[in-house]
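Welcome! Here is a short tour for anyone meeting this structure for the first time. Take a look at the sequence and the model, then read on.

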Amino acid sequence: MSVKTLVLWDIDQTLINAMGLGHTWYQVALHAATGVRLRHVPSFPGRTEMAISRELLTLHDLEATDELIAALHRELVAVAEREHPLLATRGQALAGAAEVLEALARREDVVQSVVTGNLVEIARHKLAAYGLDSHVDLDIGGYGSISDQREALVVEAIRLATEKHGHDFPVDSVVVLGDTPHDITAATHHGAIGIGVATGRFTVEELEAAGARAVLADLSDTEAVLAAILGS
Ligand SMILES: [Mg+2]
């Protein structure tokens with residue numbers, strides 16, 4: 001049997017734009033979990049929920065214990081659940097995202113999932129709000145609760161895909177797409193392929209400099225995205 005390509009999508013600013021909702025959820029969750037008002041905002045793009053949470057707590061003079069991080073994550077999921085209808089009205093799927101996911105889902109030689117800094121529950125909400133959840137297998141994703149280090153999320157996704165599909169996905173058949181240098185280096189760290197999508201705050205040049213095999217301005221040209229992913 002021939003090798004399948006494992007395509008791993010970043011979510012925020014790659015497939016969707018939640019218009020800062022994730023940010024307000026942190027404000028609510030921090031207050032609910034600790035009683036503290038948000039005063040300092042960590043950098044979000046390309047970082048995992050674990051890394052952001054640890055920094056957020058430290059910035060507010062709180063000790064980032066496992067218990068406190070777990071409490072913060074429970075509150076984050078709770079606020080995301082309460083407010084998920086807002087995603088559909090305030091945010092949007094990025095141009096071409098639905099078409100590319102659908103086109104890849106039709107291929108027998110591709111398995112699709114996510115590597116995202118989000119918690120799994122929040123990743124589901126974010127994709128479902130725009131109807132993008134049906135073509136990616138969220139059971140085999142790498143999520144932000146796993147580690148501070150995004151590269152560990154890629155390893156986890158490959159492990160879960162291998163387990164589920166019963167065959168190896170060699171690193172050179174793993175393609176990670178994202179809008180930040182973190183997405184790219186998380187892939188190339190293991191020899192996987194990183195493809196940049198410049199719909200976040202980083203430029204084509206910055207994503208190239210991070211080691212992306214290709215960088216797309218956006219996902220609007222389905223054929224061009226498929227060609228970049230499949231290396232054809
Ligand atoms: Mg992103």
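**A metal site and its surroundings**

Along the sequence, the residues that donate to the magnesium ion follow the spacing D-x1-D-x166-D. Please keep in mind that this is a predicted model.

**The magnesium ion**

- The ion is coordinated by D10 (OD), D12 (O) and D179 (OD), at 2.1 to 2.2 Å.
- D10 and D179 bring together distant parts of the chain, as they lie 169 residues apart.
- D10 belongs to the loop between strand 1 (5–9) and strand 2 (16–17), while D179 sits in the loop between strand 5 (174–178) and helix 7 (181–188).
- Both D10 and D179 are buried.

- You will find T116 in the loop that runs between strand 4 (110–114) and helix 5 (120–128).
- Is T116 buried or exposed? T116 counts as buried because its relative accessible area is 0%, and the cut-off for buried is under 20%.

**Helix 4 with helix 9**

- Helix 4 (residues 97–105) and helix 9 (residues 222–230) have axes that come within 10 Å and cross at roughly 55°.
- How are the two oriented? Helix 4 and helix 9 are oblique to each other, because the angle of roughly 55° falls in neither the parallel range, under 35 degrees, nor the perpendicular one, 65 to 115.
- The crossing of helix 4 past helix 9 is right-handed.
- On the helix 4 side, E99, V100, A103 and L104 take part, and they meet T222, V225, L226 and I229 of helix 9.
- The residues of this contact comprise six nonpolar, one polar and one charged.

**Helix 3 with helix 5**

- The axes of helix 3 (residues 66–90) and helix 5 also come within 10 Å, crossing at roughly 0°.
- Helix 3 is therefore roughly parallel to helix 5.
- From helix 3, the residues L76, V77, A80, E81, H84 and L87 meet E121, I122, H125 and K126 from helix 5.
- Sorted by class, this contact has five nonpolar, two polar and three charged residues.

Methods
Residues are numbered from 1 along each chain as its sequence is written. This is a predicted model: local features need pLDDT of at least 70, side-chain atom pairs count only at pLDDT 80 or more; totals for chains, interfaces and linings use all residues. Side-chain values use heavy atoms; hydrogens and water are left out. Helices (H or I, at least four residues) and strands (E, at least two) are DSSP runs, numbered from the N terminus. Buried means under 20% relative accessible area, exposed over 50%, partly exposed in between (1.4 Å probe, protein chains only). Donors are N, O and S atoms within 2.8 Å of the metal (3.2 Å for Na, K and Ca); water is not among the atoms, so sites may look incomplete. Axes are lines fitted to C-alpha atoms, for helices over the stretch in contact, and angles run from 0 to 180 degrees between N-to-C directions. Angles under 35 degrees count as roughly parallel, over 145 as roughly antiparallel, 65 to 115 as roughly perpendicular and the rest as oblique. A crossing is left-handed if the near helix is turned anticlockwise from the far one by less than a right angle, and right-handed if clockwise. Contact means heavy atoms within 4.5 Å. Ala, Val, Leu, Ile, Met, Phe, Trp, Tyr, Cys and Pro count as nonpolar, Asp, Glu, Lys and Arg as charged, and the others, Gly among them, as polar.
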